[in-house]
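User: Please go through this structure with me. I want to know what each label rests on before I use it.

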Amino acid sequence: MNTRRIRQRVPAFEVTEGAGVTVHRSIGTPALKNLDPFLLLDHFGSDNPDEYIAGFPEHPHRGFITFTYMLDGHMEHRDSMGNRGDLKAGGAQWMKAASGVIHSEMPQQTNGLMRGFQLWINLPAREKLSDPLYQEFSAAAIPEVALAQGRVRVLAGKFGEARGVIDDPATDVLYLDVSLDADARFSHPVAETHNAFVYVFEGSARVAGEALATHHLAVLGAGDTVEIAAGEAGARFILVAGRPLGEPVVQYGPFVMNSREEIEQAFADYRDGRLVRAKAAMKGH
Ligand code: CO
């Protein structure tokens with residue numbers, strides 16, 4: 001067994017997204033441009049409607065996947081092809097934008113807590129212009145495993161016998177939401193080939209014995225096992241890992257391709273109303 005240590009600590013910082021929503025961004029910042037295959041991690045969390053009510057009006061995506069995990073609150077997703085989705089507390093949406101989706105993500109509440117994550121996962125070159133696909137799951141569909149001192153929600157990948165609901169052959173993503181009681185310990189194997197990170201959003205944790213505070217992301221170094229202990233107030237964190245693609249990343253805003261020419265093509269297609277080529281299929285429950 002070879003325990004993964006912290007290779008880099010990245011404090012999330014506040015940025016304004018959409019029509020004026022405050023998010024904590026960690027991946028996709030100058031300190032951590034990306035972590036192959038992950039392109040961006042935003043944590044939104046506020047009980048102040050002024051910070052979320054404007055939502056994310058219509059905007060395009062091409063060349064990657066957006067994965068939204070709602071912890072609290074209610075958001076509605078609509079796209080230019082007439083698909084509609086409801087994201088409620090504990091539910092998740094895996095949107096393979098691929099060749100192109102134009103959508104909006106708007107709050108369906110005027111007060112109360114709105115909290116969750118959006119992770120962008122890159123697609124391999126061969127799939128960047130494939131047909132879009134939504135995988136959407138309610139809280140009840142996501143497996144939850146009780147621990148002696150906590151619990152794990154399995155969104156993607158495997159935890160013991162539990163298998164996540166998301167189907168992701170390209171990058172084999174592991175995505176766990178882990179809650180630990182005070183001083184509880186957690187250990188999980190993570191493929192040596194995969195890049196991995198931990199993001200703490202409640203309490204504090206120790207990763208391989210090293211402290212990690214709330215709203216901090218730890219990029220994990222080489223190894224085959226992750227070992228985390230909760231601080232004295234407990235901890236809640238996401239543990240995410242994925243197989244790196246090792247391909248060139250050329251990103252411009254909502255378009256992530258392999259070359260500048262492909263980015264220019266995406267802009268031209270968007271301008272000329274040709275970004276959306278195929279209606280996204282919907283999968284989930
Ligand atoms: Co979007």
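**Labels and their cut-offs**

User: How many aromatic pairs does a search of the whole structure find? What makes Tyr-69 and Tyr-175 edge-to-face?

Analyst: The search finds 12 aromatic pairs. In the pair of Tyr-69 and Tyr-175 the centres are 6.1 Å apart and the planes stand at 90°. Rings of Phe, Tyr and Trp (its six-membered ring) pair if their centres lie within 6.5 Å, and planes under 30 degrees apart are stacked, over 60 edge-to-face and the rest tilted. The model is predicted, so local features need pLDDT of at least 70 and side-chain atom pairs pLDDT 80 or more, whereas totals for chains, interfaces and linings use all residues. Residues are numbered from 1 along each chain as its sequence is written, and side-chain values use heavy atoms, without hydrogens and water.

User: Why can the pair of Tyr-69 and Tyr-175 be said to tie together parts that are apart in sequence?

Analyst: Tyr-69 sits in strand E6 (residues 64-72) and Tyr-175 in strand E17 (residues 174-180), so the contact joins parts 106 residues apart in sequence. Strands here are DSSP runs of at least two residues, and helices runs of at least four, numbered from the N terminus. Tyr-69 and Tyr-175 are both buried, where buried means under 20% relative accessible area, exposed over 50% and partly exposed in between (1.4 Å probe, protein chains only).

User: Which residues form one aromatic cluster?

Analyst: Phe-67, Tyr-69, Trp-94 and Tyr-175 do.

User: Which residues are the protein donors of the cobalt ion, and why is its site called irregular?

Analyst: The protein donors are His-59 (NE2), His-61 (NE2), His-103 (NE2) and Glu-105 (OE), at 2.1 to 2.8 Å from the cobalt ion. A donor is an N, O or S atom within 2.8 Å of the metal (3.2 Å for Na, K and Ca); water is not among the atoms, so a site may look incomplete. The angles among the four donor atoms run from 82 to 176°, and the site is irregular. Four donors are tetrahedral if all angles lie between 85 and 135 degrees; four are square planar and six octahedral if opposite donors are over 155 degrees apart and all others between 65 and 115; anything else is irregular.

User: How are the donor residues of the cobalt ion spaced in sequence?

Analyst: The spacing is H-x1-H-x41-H-x1-E. His-59 belongs to strand E5 (residues 56-61) and His-103 to strand E10 (residues 101-107), so this pair links parts 44 residues apart in sequence. Both histidines, His-59 and His-103, are buried.

User: How much space lies in the largest pocket, and what residues line it?

Analyst: The largest pocket holds about 460 Å³. It is lined by 26 residues, and closest to its centre are Glu-17, Arg-25, Leu-40, Asp-42 and Trp-120. On a 1 Å grid over the protein atoms alone, a pocket is an open set of points with protein on both sides within 12 Å along at least five of seven lines, and lining residues have an atom within 4 Å of a point. The volume is the space filled by probe spheres set on the points, which are joined across faces, edges and corners. Strand E5 gives the largest share of the lining, five residues.

User: Why does Val-10 count as buried, and why is Asp-183 called exposed?

Analyst: Val-10 has 1% relative accessibility and therefore counts as buried; its place is strand E1 (residues 6-11). Asp-183 has a relative accessible area of 56%, so it is exposed. Gly-20, at 24%, is partly exposed.

Terms used:
On a 1 Å grid over the protein atoms alone, a cavity is a set of points where a 1.4 Å probe fits but cannot get out, and a pocket is an open set with protein on both sides within 12 Å along at least five of seven lines; lining residues have an atom within 4 Å of a point.
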